[in-house]
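Reader: I would like a close look at one part of this structure, with the cut-off behind each term stated once. Please begin with the charged side chains and go on to the packing around them.

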Amino acid sequence: MSHPETITRLLACCDAARKNVSVFRELIWALVFICDRHLPDKRTAPYFMSCLANNDAQTRILGLWGLRNIGELTDEAIETLLADRSKRVREEAAKCADWAGYERDFEWWTEEEL
């Protein structure tokens, strides 16, 4: 799971599945867990950021978790989600508030352009 090609392929699948809400959400789930347990890859940041504006509350939570896992969670993202229309999203944002600004170490390939 920690091979950089895994992330590359999942990101390509995310691009292809953007309009299929359930498939896209499952792919984001996979990225969240890979970034947490195997490889915190910064190439995932734009995908997690895009999740914060998704119509689906669970996908917004996944974006929050993903940003936390790669050390890209910002105070602005937390503030936005603390005012979210979904109680679940607001609760998760409150739980993650202390993670804003947290930095992780990364392998060299995770900071290269796609």
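**Charged pairs and helix packing**

Author: Asp41 and Arg43 are joined by a salt bridge (a side-chain nitrogen of Lys or Arg within 4 Å of a carboxyl oxygen of Asp or Glu), with 2.7 Å between the closest N and O atoms. The model is a predicted one, in which local features need pLDDT of at least 70 and side-chain atom pairs count only at pLDDT 80 or more, while totals for chains, interfaces and linings use all residues. Residues are numbered from 1 along each chain as its sequence is written, and side-chain values use heavy atoms, with hydrogens and water left out.

Asp41 is buried, with a relative accessibility of 0%; here buried means under 20% relative accessible area, exposed over 50%, and partly exposed in between, with a 1.4 Å probe and protein chains only.

Over the whole structure, the search returns seven salt bridges. One of them pairs Asp56 with Arg25, at 3.0 Å from N to O. Asp56 sits in the loop between α3 (45-51) and α4 (57-69) and Arg25 in helix α2 (residues 21-37), so this pair ties together parts that are 31 residues apart in sequence. Helices here are DSSP runs of H or I with at least four residues, strands are runs of E with at least two, and both are numbered from the N terminus. Asp56 is partly exposed, at 22% relative accessibility.

Another salt bridge links Glu92 and Lys95, whose closest N and O atoms are 3.2 Å apart. Both residues belong to helix α6 (residues 87-96), where they are three residues apart, about one turn of the helix. Glu92 counts as buried at 15% relative accessibility, whereas Lys95 counts as exposed at 59%.

Two packed helices are described by the angle between their axes and the distance between the axes. The angle between α4 and α6 is about 10°, and their axes are 9 Å apart. The axes are lines fitted to C-alpha atoms, for helices over the stretch in contact, and angles run from 0 to 180 degrees between N-to-C directions. The two helices are therefore roughly parallel; that label covers angles under 35 degrees, with over 145 roughly antiparallel, 65 to 115 roughly perpendicular and the rest oblique.

On the α4 side, the contact (heavy atoms within 4.5 Å) is made by Ala57, Gln58, Arg60, Ile61, Leu64, Trp65 and Arg68. On the α6 side, Arg88, Val89, Glu92, Ala93 and Cys96 take part. With residues up to four places away in sequence not counted, Leu64 touches Glu92, Ala93 and Cys96, along with Leu52, Leu73, Ile78 and Leu81.

Ser86 is placed in the loop between α5 and α6.

Cys14 is buried at a relative accessible area of 0%. A disulfide is a covalent bond between the sulfur atoms of two cysteines. Counted as a pair of cysteine sulfur atoms within 2.5 Å, disulfides come to zero. For Cys14, the closest cysteine sulfur is that of Cys13, 7.3 Å away and too far for a bond.

As for the rest of the chain, it has six helices and zero strands. Of its 114 residues, 44% are buried. Among contacts with a separation of 6 or more, 66% are between residues 24 or more positions apart. One further loop residue is Arg18, between α1 and α2. Arg18 is partly exposed at 38% relative accessibility, and its contacts, leaving aside neighbours within four places in sequence, are Phe24, Tyr47 and Ser50.
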